[in-house]
Amino acid sequence: MNIYMYTMRTWLIHLTTGILAFAGSSQGLNLDRACAGNKGAAQVDRRNVFRSAASAAGLVVTSVVTSPLRSQASDEKLTNLSNEDLKSIIESDLKKDFLVSADITRAVYDESATFTDEIDTYTMDKWIKGTKALFVAEKSKLDIVGDISVDSEKVEFRFREDLMFRIPFRPIVSLSGRVLLSRDNKTGLITSYREFWDQDVTSVLKTAKFN
């Protein structure tokens, strides 16, 4: 297992166990029976619930199949775009909910771009693969708050979203924050994606709703 997949799995375990703690023991009992197949158990202790959550998280990361990622040569990049043109592309990607779908216009990103969330920093390919594995994009909701600010150094916008996770019971959590996309001063390409949450992880987990 590479470092990225380990990070994603750890994050999923943390999220799942935290949600179960807030949701109550009955959800844990159901998850334990579903994932561990222990249909005859009369009671489930916290250790077994956490073990089941970890098992579920592992299945999530390894079972989701994504299409091959397309690499782009430097001559395919859209360099030195005007602020207006780049804003138009980001707006188009936001209509595709790229924060949860990872459907980005790769041509405006440098191939060495890094993607940082509240957990870790990833390469572009790993962020795309991990985001598609982690979220149910079609059941999540993304709203942009205010306007998108674009200049020669950065793109910045605020967001509010309801995220459905690809784990048992399909929990949905709500959060808000901002995204900062830094641009290279020579090519105008995006070299880093940074996501800042307004809430801490514990507060986000407390918003969990189950379907």
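Reader: Which backbone oxygen does the side chain of Lys77 reach at 2.7 Å?
Author: The side chain of Lys77 reaches the backbone oxygen of Tyr109 at that distance of 2.7 Å, and the backbone oxygen of Arg106 lies 3.0 Å from a polar atom of the Lys77 side chain. A polar contact here is a pair of N or O atoms within 3.5 Å; within protein, one must be able to donate a hydrogen and the other to accept it, and residues adjacent in sequence count only if both atoms are side-chain atoms. This is a predicted model, in which local features need pLDDT of at least 70 and side-chain atom pairs count only at pLDDT 80 or more, while totals for chains, interfaces and linings use all residues. Residues are numbered from 1 along each chain as its sequence is written, and side-chain values use heavy atoms, with hydrogens and water left out.

Reader: Where does Lys77 lie, and is Lys77 buried or exposed?
Author: Lys77 lies in the loop between α3 (46–63) and α4 (83–95); helices (H or I, at least four residues) and strands (E, at least two) are DSSP runs, numbered from the N terminus. Lys77 counts as buried because its relative accessibility is 9%, where buried means under 20% relative accessible area, exposed over 50% and partly exposed in between (1.4 Å probe, protein chains only).

Reader: Stepping back, how many helices and strands are there in the chain?
Author: The chain has seven helices and six strands, and from the N terminus on they run α-α-α-α-α-β-β-α-β-β-β-β-α. Of the 211 residues in the chain, 41% are buried.

Reader: And in which helix is confidence lowest?
Author: Confidence is lowest in helix α2 (residues 25–36), with a mean of 39, and highest in α4, at 98; pLDDT is the predictor's confidence in each residue, from 0 to 100. Over residues 23–74 pLDDT stays under 50, and for that stretch the model has 65 contacts beyond four places in sequence, a contact meaning heavy atoms within 4.5 Å. The average pLDDT for the chain is 77, with 64% of the residues scoring at least 70.

Reader: Changing topic, how many aromatic pairs does the structure hold?
Author: The structure holds eight aromatic pairs. Rings of Phe, Tyr and Trp (its six-membered ring) pair if their centres lie within 6.5 Å, and planes under 30 degrees apart count as stacked, over 60 as edge-to-face and the rest as tilted. The rings of Phe98 and Phe157 have centres 6.5 Å apart and planes at 70 degrees, so that pair is edge-to-face. Phe98 is in helix α5 (residues 98–101) and Phe157 in strand β4 (residues 154–164), so the pair ties together parts that are 59 residues apart in sequence.

Reader: Which residues do the ring pairs link into a cluster?
Author: The cluster is made of Phe98, Tyr109, Phe115, Trp127, Phe157 and Tyr193. Both Phe98 and Phe157 are buried, and Tyr109 is also the residue whose backbone oxygen the Lys77 side chain reaches.

Reader: What lies over the face of Phe196?
Author: Arg178 lies there, at 4.1 Å from the ring centre, and Arg194 lies over the face of Phe196 at 4.4 Å. For a charge to sit over a ring, NZ of Lys or CZ of Arg must be within 6 Å of the ring centre and within 35 degrees of the ring normal.

Reader: What about Glu195: with which side chains does the side chain of Glu195 make polar contacts?
Author: A polar contact of 2.5 Å joins the side chains of Glu195 and Tyr193, and another, of 2.9 Å, joins the side chains of Glu195 and Trp197. Glu195 is found in strand β6 (residues 190–197) and counts as buried because its relative accessibility is 9%.

Reader: Which residues is Glu195 in contact with, leaving aside its neighbours within four places in sequence?
Author: Among them are Leu99, Thr116, Asp117, Phe159 and Arg178. The C-alpha atoms of Glu195 and Asp117 are separated by 5.0 Å, although the two residues are 78 residues apart along the chain.
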